[in-house]
Amino acid sequence: MLNTTDILETIQMIQNQNLDIRTITMGISLLSCADSDIDASCEKIYEKITRCAKDLVQTGEMLEMKYGIPIINKRISVTPIAMLLAASGGDPIKYALALERAAKQVGVNFIGGYSALVHKGFAAGDRALIESIPEALAKTNHVCSSVNIGSTKAGINLDAVGMMGQVVRRCSEITADRQCVAASKLVIFCNAPEDNPFMAGAFHGAGEPDCVINVGVSGPGVVRAALAAAPDGLNITEIAELIKKTAFKITRMGQLIGSEAAKRLQVPFGIVDLSLAPTPAIGDSVAHILEEIGLEQCGACGTTACLALLNDAVKKGGVMASSMVGGLSGAFIPVSEDAGMIDAARSGALCIEKLEAMTAVCSVGLDMIAVPGDTPAEVISAIIADEAAIGMVNSKTTAVRVIPAVGLKDGEELEFGGLFGTAPVMKVNRFSPAKFIARGGQIPAPLQSLKN
Amino acid sequence: MRAVLTVIGKDKVGILSKVSSKCADCNANIIEVTQTILQDLFCMIMMIDISQINCELSELVYQMQQLGENAGLAIHVMHEDIFNSMHRI
């Protein structure tokens, strides 16, 4: 017989501490859809996605009922579209519209993979796809885009970095009347993972199987509640141990739901992404965990150390709980999606430079940060280059999702609503990196020995 | 196949009878019942056998939720696997 305390603990986590499965993401390979005629290619894409994912949403809802745990998002990731564009040529927007149509047909929340991988240079289709990103994201509601501009093995493609600064600006400008929403659906990566279930950066890598189920869990609220309930005076080792145990329980949910979903959909189960993904809901904040550990406010000196501990403990607990781990795995720090981060940015405790330091020790990177609307493209490019350099040198994934808030200055706020939350516009260093960005070329791959 | 049914709320006359007759309606066999009072909240946990139920599990979940709402209680029915996977290695 199950223990009463255990049963009540699980129910408490779900009812009061916002424990949920953040996403079930079906990865679908579109390589079999490549065609030299773009219209035929789009038709094949639509057909394959709607065939593979026709029961995805329904299966998710069924599992929610069976286990009593909310599954917030059902999503699809596909092969980077630039690969199909390489074969077909033509107007890439047609692919975006085909993805949008397929996403609406199967009822998923997002579809990711309007992507290009250009960390070592541009192949056929890559430039055209990157240039079309602003229009593609403005014309669709469900399509998400990502571009990989660097890796530890290849270095950083500075030409692509220069382009992406302009693309991010353009995304904001053409959706200025809709809270610059296009920029929030675009991620620029270094070391992008091929099996990431989280948006906006999800795509289905070329090394992945034909169709696969990946799961992302969530649960900052549960970790915070466990720390809050712990006796006073625990030392930091005991705190790490407590986080590990809690992460184990959270991840077990993901493993159960993922393997069950894969079985029902008759596709292989890929990975669980060991993540602490916050939402703007009260009590579902990563910043509040750091504050619970002992910081007055997130962003204070000590934040990087606390985050390093949190991130590592989440992975250690999660690895034991799951048979296959992958994706971005770690604590996310998206500013607009985290009530504690929003407060810290408003009060001035948290600045972009501190966030950049935090990204060196946690999952992903500068995420959901609004910058002043007049921030020049080369400054955005330089932010991307800095972030990519951290990822490249430390052999980890880093990413940038900044939103130039058109018409707003630092101190003002960009309101997205829903899961995207509220983004206080953060101050950006205005000294110009224009000459550096304009040089172009490739930053060579770093040495992997003599680590200092 | 078993599910865990939990009833949490203010203690009231007839809770056990209402829940158990709903289980009987659905042909869900009650295997075990434990009851405790937690900080003046009534808390009942039932283990029920759902392998022979005459409706979908989702229907049973929904009906119990409705019953709970009408009586001012929180009633949850969840497949036992979620508890096993979380608390057992």
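I take buried to mean under 20% relative accessible area and exposed over 50%, with partly exposed in between, using a 1.4 Å probe and protein chains only. The model is predicted, and local features need pLDDT of at least 70, while side-chain atom pairs count only at pLDDT 80 or more. Residues are numbered from 1 along each chain as its sequence is written.

**Helix α2 of chain B**

I looked up the helix (a DSSP run of H or I, at least four residues) at residues 57-71 of chain B, and its buried residues are L57(B), L60(B), V61(B), M64(B), L67(B), G68(B) and A71(B). Seen down the axis of α2(B), these fall within an arc of 125 degrees (taken from the directions from the axis to the C-beta atoms), so they line one face of the helix. On the face turned away from the buried side I found E69(B) and N70(B), which are exposed. The cover over the buried residues, counted by contact (heavy atoms within 4.5 Å), includes α3 (56-67) of chain A as well as β1, α1, β3 and β4 of chain B. Just after α2(B), G72(B) has a positive phi of about 70 degrees.

**The sheet of chain B**

I then followed the strands (DSSP runs of E, at least two residues), which pair if DSSP finds at least two bridges between them. Four of them form an open, antiparallel sheet in the order β2-β3-β1-β4, with β2 (29-38) and β4 at the edges, each pairing on one side only. Eight bridges join β1(B) to β3(B), and A3(B) has I48(B) as its bridge partner.

Methods. Chains are lettered from A and ligands numbered from 1 in the order in which they are written. Side-chain values use heavy atoms; hydrogens and water are left out.
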